[in-house]
Amino acid sequence: MAVMTIRNIDDAIKNRLRLRAAMHGRSMEDEARDILRSALSTEIPRPRNLGQAIHERFGALGGVDLHELSREPIRAVDFGE
């Protein structure tokens, strides 16, 4: 198990943690562990890839038809060497 130290906690937050721990009959450390466990126990579903995320967000708005542009072959450039 890992050990973690948290510095610079506001006094008001520490007091709320102390009171919450007392209400649950456990130490502040146990209460902090429980809060972290609860907050991080649910996974946020992430889109599989960027294209899928864009499609899910904007797909309902409909598509746009774009005309194909004609292209010329790439011309070689002579730099005089």
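## Asp 34 and the salt bridges

In this predicted model, Asp 34 counts as partly exposed, at 22% relative accessibility, and its side chain meets that of Arg 26 in a salt bridge with an N to O distance of 3.2 Å. Arg 26, which is also partly exposed, at 30% relative accessibility, forms a salt bridge with Glu 31 as well, where the closest N and O atoms are 2.5 Å apart.

Glu 31 is buried, with a relative accessible area of 0%, and its side chain also meets that of Arg 20 in a salt bridge (2.7 Å, N to O). This pair links distant parts of the chain, since Glu 31 lies in helix α2 and Arg 20 in helix α1, 11 residues apart; Arg 20 itself is partly exposed, with a relative accessible area of 37%. Arg 20, Arg 26, Glu 31, Asp 34 and Arg 37 are linked in a network of salt bridges, and the structure as a whole holds six salt bridges.

## The largest pocket

The largest pocket has a volume of about 710 Å³, and of the 18 residues that line it, those closest to its centre are Ile 6, Glu 29, Ala 32, Arg 33 and Leu 36. Both α1 (11-24) and α2 (28-40) give two or more residues to this lining, with α2 giving the most, at seven residues. By class, the lining has 12 nonpolar and six charged residues, and no polar ones.

## A nonpolar surface patch

Met 4, Ile 6, Ile 9, Ile 13, Leu 36 and Leu 40 form a nonpolar patch on the surface, and together they have about 620 Å² of accessible area.

Note on methods: Residues numbered from 1 in each chain as written. Predicted model: local features only at pLDDT ≥ 70, side-chain atom pairs only at ≥ 80, totals over all residues. Heavy atoms only, no water. 1 Å grid on protein atoms, 1.4 Å probe; cavity = no way out; pocket = protein on both sides within 12 Å on 5 of 7 lines; lining within 4 Å. Points joined across faces, edges and corners; volume = space filled by probe spheres on them. Helix = DSSP H or I, 4+ residues; strand = E, 2+ residues; numbered from the N terminus. Nonpolar A, V, L, I, M, F, W, Y, C, P; charged D, E, K, R; others polar. Patch = residues over 30% accessible without salt bridge, like charges linked within 9 Å, V, L, I, M, F, W, Y side chains within 5 Å. Areas by Shrake-Rupley, 256 points an atom, 1.4 Å probe, with all protein chains shown as cover. Salt bridge = Lys/Arg side-chain N within 4 Å of Asp/Glu carboxyl O. Buried < 20%, exposed > 50% of the residue type's maximum accessible area, 1.4 Å probe, protein only.
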